[in-house]
Amino acid sequence: MSLEEKVKSLKTPLKSPQGDNLKQTLIQAHNRIKPFIHKTPVLSSSLINEIVGANIVFKCENFQKMGAFKMRGAANAILSLSEEERQRGVVTHSSGNFAQAVSLAAQKLDVKAYIVMPENAPQVKKNGVKTYEGEIIECESTPQAREATANKIKEEKGASFLHPSNQDEVIYGNSTAAIELLEDHPNLNVILTPVGGGGLIAGTALAAHYFSNNCKVIGGEPMEADDAYRSLISGKIETNDSFHTVADGLRTHLGDRNFPIIQKHVDKIIRVEEDEIINAMQLIWERMKIIIEPSCAVPFAAVLKNKEEFKNKNVGIILSGGNVDVKNLPF
């Protein structure tokens, strides 16, 4: 049976339940999206372990379909729509990875995808959207411009809005990367992810809460876009005045769906400088021989910056994506 035939045979699932049924909801989300995703490999490097003084394993979502973990949340969100909603199409705003994920998942379901992208999004990500037949609408590179443009399309086309990070179904889909990691490595002491819009770290935190034995979750964030770090301190959602970070996927802010999860289940967030991000990215390229994008290097940079904190621990790092413009590398 082809993927398309599998998709057509799937019954439209009910909206995800809340509360005590959340663990089962995460399991259902994982089962729902399995026809759409790769179970990505988990890799390690003896040299990197020596450098850090810890046992580090990398969940390689850079090998995911369309090149990033975002395929998980996008697939779960679209599969959670009714047939009538799918016929009217979907709209999202994204700097690139969620844009590609929605475009690919929508293509497989014969759903029209309207993709709002900031004008400074990497060309490699715009090209990916076009490959998956998503319709790109460009806007200014601010969260406010993204949201306003997406809302306009939602009203004009009747399309269902899919948020890249602040939507339950997206968060639940994102959790499945950490669920798989914990299945392979149940004795992890900590899992680190990058923090942008908060959807990956929120999903990871839920996975660690329900599927691990006391595994902590820590975020990595650029100093130039440290809204999540400040949000945990202030107890409210903060925003950024600056978006000047090489980690282009982390320029967004937290939302009201993922922030309470992060407050409750994330241990802390470690901030890193731009040169630390670039150095971490280069180290993975050189030593592990795999392609990752700058946003992806942020949690590894956090570990390198705080070696003593992670010394002798079992550490999982989710490598969030590999959609980098190889003609415009930072090193």
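**Figure 1. Pairing of strands β4 and β5 in the predicted model.** In β5, Glu138 is the bridge partner of Met117. The two strands, β4 and β5, pair in the parallel sense over five bridges; strands pair if DSSP finds at least two bridges between them. Helices (H or I, at least four residues) and strands (E, at least two) are DSSP runs, numbered from the N terminus. The model is predicted: local features need pLDDT of at least 70, side-chain atom pairs count only at pLDDT 80 or more, and totals for chains, interfaces and linings use all residues. Residues are numbered from 1 along each chain as its sequence is written, and side-chain values use heavy atoms, with hydrogens and water left out.

**Figure 2. The open four-stranded sheet.** The strand order is β5-β4-β3-β6, and the pairing is parallel. Strands β5 (135–139) and β6 (160–161) stand at the edges, each with a single partner strand, so one side of each lacks a neighbour in the sheet. Strand β3 (residues 90–93) is joined to β6 by two bridges, and Val91 stands opposite Phe161 in β6. Strand β3 also pairs with β4 in the parallel sense, over four bridges, with Val90 opposite Ala113 in β4.

Figure 3. A right-handed β-α-β unit is made by β3, α6 and β4, and another right-handed unit consists of β4, helix α7 (residues 123–131) and β5. A crossover is right-handed if, with the strands pointing away from the viewer, the path from the first strand over the helix to the second runs clockwise.

Figure 4. Buried denotes under 20% relative accessible area, exposed over 50%, and partly exposed in between (1.4 Å probe, protein chains only). In a regular strand the side chains alternate between the two faces of the sheet. From β4, Ala113, Ile115 and Met117 point one way, whereas Tyr114, Val116 and Pro118 point the other way.

**Figure 5. Packing of helices α2 and α4.** Helix α2 (residues 22–33) and helix α4 (residues 70–79) pack at an angle of about 95°, with their axes 9 Å apart. That angle makes α2 roughly perpendicular to α4; angles under 35 degrees count as roughly parallel, over 145 as roughly antiparallel, 65 to 115 as roughly perpendicular and the rest as oblique. Ala29, Arg32 and Ile33 in α2 meet Arg72, Ala75, Asn76 and Leu79 in α4. By class, the contact of α2 with α4 comprises four nonpolar, one polar and two charged residues. Ala, Val, Leu, Ile, Met, Phe, Trp, Tyr, Cys and Pro count as nonpolar, Asp, Glu, Lys and Arg as charged, and the others, Gly among them, as polar.

**Figure 6. Strand β2 and its partners.** Five of the six residues of strand β2 (residues 55–60) are buried, so β2 is largely enclosed by the rest of the structure. Strand β1 (residues 42–43) pairs with β2 in the antiparallel sense over two bridges, and Lys59 in β2 is the bridge partner of Val42. Strand β2 and strand β10 (residues 314–319) pair in the parallel sense over six bridges; in β10, Asn314 is the bridge partner of Asn55.

Figure 7. Ile261 lies in helix α12 (residues 259–265) and is buried, with a relative accessible area of 15%. Leaving aside neighbours within four places in sequence, Ile261 is in contact with Ile171, Ala202, Ala205, Leu206 and Val266. The C-alpha atoms of Ile261 and Ala202 are separated by 5.7 Å, although these residues are 59 residues apart along the chain. Ser295, in helix α14 (residues 294–305), is buried, with a relative accessible area of 3%. With neighbours within four places in sequence left aside, the contacts of Ser295 are Pro194, Ala247, Asp248, Gly249, Leu250 and Ser320.

Key: Axes are lines fitted to C-alpha atoms, for helices over the stretch in contact, and angles run from 0 to 180 degrees between N-to-C directions. Contact means heavy atoms within 4.5 Å.
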